[in-house]
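Please consult the sequence and the coordinates alongside the text.

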Amino acid sequence: FLTEVKGRIQSARLNAGRAVNRELVQLYWDIGRGIVEKQQSLGWGDAVVESLARDIGEAFPGMRGFSASNLWRMRQFFAALTAPDFLAQLVRELASKTKKPEILAQAVRELAGAIPWGQHVEMLNKLSDPIARLYYLRATAQFGWSRAVLLNQIKAQAYERAKAEKKTHNF
């Protein structure tokens with residue numbers, strides 16, 4: 001009985017962690033989207049990010065993760081995963097399922113929520129090719145790669161090898 005209870009506790013902790021991560025990544029997506037939209041529609045400049053970081057810091061003293069540099073990452077995160085060249089690759093892969101941009105963006109948002117923020121930051125820092133970014137995004141979600149494994153896969157050029165060998169993954 002104790003073994004079963006311990007297993008259930010571990011499972012519940014893992015599920016809770018995943019749910020928290022999903023919500024945080026989706027929050028970061030929404031913040032990034034808001035920054036992009038305000039800059040495009042209202043002509044806000046770069047200073048809005050610094051101001052937003054300061055205002056969030058005042059509203060939530062002691063809360064971490066909302067520095068100006070992280071807000072810039074959130075903006076970059078949203079922009080990278082909704083860029084036309086990234087979504088075009090997704091359309092090619094989904095073929096006839098859908099071509100509606102809002103449905104694609106929602107599918108990408110949900111896929112992104114399956115991966116911890118640290119992995120997203122590494123992909124943003126290390127990958128510029130949208131096709132490679134999609135490959136590593138999907139592989140990380142599918143195989144549950146840790147940050148270290150993701151970095152090793154990028155360093156080992158798993159995408160380039162899979163592309164040359166015409167494989168969807170290297171397992």
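Which residues of H1 are buried?

## Helix H1

The model is predicted. In H1, the buried residues are Asn21, Val25, Gln26, Tyr28, Trp29, Ile31, Gly32, Ile35, Val36 and Gln39.

Helix H1 covers residues 2-41, and its 40 residues should span 58 Å at 1.5 Å a residue. After H1 comes Gly43, which has a positive phi, near 70 degrees.

## Aromatic pairs

A pair of aromatic rings is described by two quantities, the distance of the centres and the angle of the planes. The structure contains 9 aromatic pairs. One of them joins Phe77 and Trp117 in an edge-to-face arrangement, with 5.1 Å from centre to centre and 85 degrees between the planes. This pair connects distant parts of the chain: Phe77 belongs to helix H3 (residues 68-81) and Trp117 to helix H6 (residues 117-126), 40 residues apart. Phe77 has a relative accessible area of 1% and is therefore buried; Trp117, at 13% relative accessibility, also counts as buried, because the limit is under 20%.

Tyr135 and Tyr159 form another aromatic pair, this one tilted, with centres 5.5 Å apart and 55 degrees between the planes. Here too distant parts of the chain are linked, as Tyr135 is in helix H7 (residues 130-143) and Tyr159 in helix H9 (residues 158-165), 24 residues apart. Tyr135 counts as buried at 10% relative accessibility, and Tyr159 counts as buried at 9%.

## The aromatic cluster

Which residues form one aromatic cluster with Phe77 and Trp117? The cluster consists of Tyr28, Trp29, Phe66, Phe77, Phe78 and Trp117. Two of its members, Tyr28 and Trp29, are among the buried residues of H1.

## Thr140 in helix H7

Helix H7, which holds Tyr135, is also the place of Thr140. Is Thr140 buried or exposed? Its relative accessible area is 3%, so Thr140 is buried.

The side chain of Thr140 reaches the backbone oxygen of Tyr136 at a distance of 2.7 Å. When neighbours within four places in sequence are left aside, Thr140 is in contact with Ile115, Gln119, Met123, Trp145 and Leu150.

Note on methods: Residues are numbered from 1 along each chain as its sequence is written. This is a predicted model: local features need pLDDT of at least 70, side-chain atom pairs count only at pLDDT 80 or more; totals for chains, interfaces and linings use all residues. Side-chain values use heavy atoms; hydrogens and water are left out. Rings of Phe, Tyr and Trp (its six-membered ring) pair if their centres lie within 6.5 Å; planes under 30 degrees apart count as stacked, over 60 as edge-to-face and the rest as tilted. Helices (H or I, at least four residues) and strands (E, at least two) are DSSP runs, numbered from the N terminus. Buried means under 20% relative accessible area, exposed over 50%, partly exposed in between (1.4 Å probe, protein chains only). A polar contact is a pair of N or O atoms within 3.5 Å; within protein, one must be able to donate a hydrogen and the other to accept it, and residues adjacent in sequence count only if both atoms are side-chain atoms. Contact means heavy atoms within 4.5 Å. The expected span of a helix is 1.5 Å times one less than its number of residues.
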